[in-house]
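Welcome! Please have a look at the picture first.

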Amino acid sequence: MPEGLANRLREHRAGRELTQAALAEMVGVSRKTINTVENGVFVPSTTLALKLARALGCSVEALFSLEQD
Amino acid sequence: MTTTDYEKAERLGRKRAQMLPLFAILFLTQQASYFSGPNVDSGRPVDHIRIAAWLAMSIVLLLVLATGGGWFRSREVRALMNDEATQAHRNDAFRFAFFAAMIACVGLYVLGLFEPVGGRDVIHVVMSCGIGAALVRFGMLERRAYRDA
């Protein structure tokens with residue numbers, strides 16, 4: 001996980017009973033990308049973060065936050 | 001994009017991740033045979049073919065690294081195979097390859113202080129180190145990304 005960045009993508013996705021593949025289709029990326037974002041290996045671009053937030057019906061801040069917040 | 005596109009991209013992406021380290025091994029093995037055998041100056045046709053094969057393979061692998069491959073697939077499948085996580089992995093692989101090539105240059109420079117090193121040999125080593133390092137790094141990052149996916 002990049003230093004200082006927390007993400008709650010997995011919780012939000014699971015809360016909407018979506019698989020990684022389903023969420024990937026909704027935002028137009030591969031399942032691998034969703035997996036790497038959830039595992040904190042990859043920090044998505046602003047565009048993808050906005051698409052993820054829109055697909056999950058929440059704000060970007062609900063998905064990603066700075067750890068000291 | 002259809003579900004089939006996503007499935008295809010997933011399958012091809014996994015296959016690519018598995019194949020990259022194998023390509024690296026094959027490529028570097030070919031490199032070893034270049035230095036262990038007689039060089040192109042020997043004039044034997046077989047050596048010219050060997051060098052040409054290495055050059056052709058280098059160019060193909062460079063193009064795979066630069067584009068992400070999947071050349072004969074639809075635009076949608078290619079886009080999924082080369083989405084932003086993959087592009088980040090490729091960028092990281094290129095950065096890694098640059099350092100590997102520079103380290104090879106430093107090594108060859110030092111070697112050149114003690115014995116003459118031919119220009120063709122230098123190109124061979126630098127290209128092989130760069131391409132080999134990029135293949136290994138890209139493959140490693142892709143395999144890690146697919147783990148648990």
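**A place to start**

V117(B) sits in the loop between α4 and α5 of chain B; helices (H or I, at least four residues) and strands (E, at least two) are DSSP runs, numbered from the N terminus. This is a predicted model, in which local features need pLDDT of at least 70, side-chain atom pairs count only at pLDDT 80 or more, and totals for chains, interfaces and linings use all residues. Residues are numbered from 1 along each chain as its sequence is written, while chains are lettered from A and ligands numbered from 1 in the order in which they are written.

**Around V117(B)**

- V117(B) counts as partly exposed because it has 14 C-beta neighbours inside 10 Å; a residue is buried if 20 or more other C-beta atoms lie within 10 Å of its own, exposed if 12 or fewer, and partly exposed in between, with C-beta atoms placed from the backbone.
- Not counting residues up to four places away in sequence, V117(B) touches L108(B), L111(B), G112(B) and V122(B); contact requires C-beta atoms, placed from the backbone, to lie within 7 Å.
- From C-alpha to C-alpha, V117(B) and V64(B) are 30 Å apart in space, and they are 53 residues apart in sequence.

**Chain B as a whole**

- Chain B has 5 helices and 0 strands.
- Its C-alpha atoms fill a box of roughly 60 × 30 × 20 Å along the principal axes.
- Of the 149 residues in chain B, 29% are buried.
- Taking contacts in chain B between residues at least 6 apart in sequence, 79% join residues at least 24 apart.

**The nonpolar core**

- The largest nonpolar core has 39 residues, and those with the most contacts inside it are I131(B), A134(B), L135(B) and F138(B); such a core is a set of buried Ala, Val, Leu, Ile, Met, Phe, Trp, Tyr and Cys residues joined through C-beta atoms within 7 Å.
- Two or more residues of this core come from each of α2, α3 and α4 of chain A and from each of α1 (3-36), α2 (45-67), α3 (75-81), α4 (84-114) and α5 (119-146) of chain B.
- With 11 residues, α5(B) gives the most to this core.
- Leaving aside neighbours within four places in sequence, A134(B) is in contact with L65(B), A93(B), F94(B), F96(B) and A97(B).

**Where the chains meet**

- On chain A, 17 residues are in contact with 15 residues of chain B.
- α3(A) gives the most to the side of chain A that touches chain B, with 5 residues.
- That side of chain A has 7 nonpolar, 7 polar and 3 charged residues; Ala, Val, Leu, Ile, Met, Phe, Trp, Tyr, Cys and Pro count as nonpolar, Asp, Glu, Lys and Arg as charged, and the others, Gly among them, as polar.

**Inside chain A**

- The mean pLDDT of chain A is 90, and 94% of its residues reach 70 or more; pLDDT is the predictor's confidence in each residue, from 0 to 100.
- Q20(A), A21(A), L23(A) and A24(A) in α2(A) meet R31(A), T33(A), I34(A) and N35(A) in α3(A).
- The buried residues of α2(A) are Q20(A), L23(A), A24(A), E25(A) and V27(A).
- Just after α2(A), G28(A) takes a positive phi of about 75°.
- E17(A), in the loop between α1 (9-15) and α2 of chain A, has a positive phi of about 55° although it is not a glycine.
- E17(A) is exposed, with 7 other C-beta atoms within 10 Å.

Conventions
Contact = placed C-beta atoms within 7 Å.
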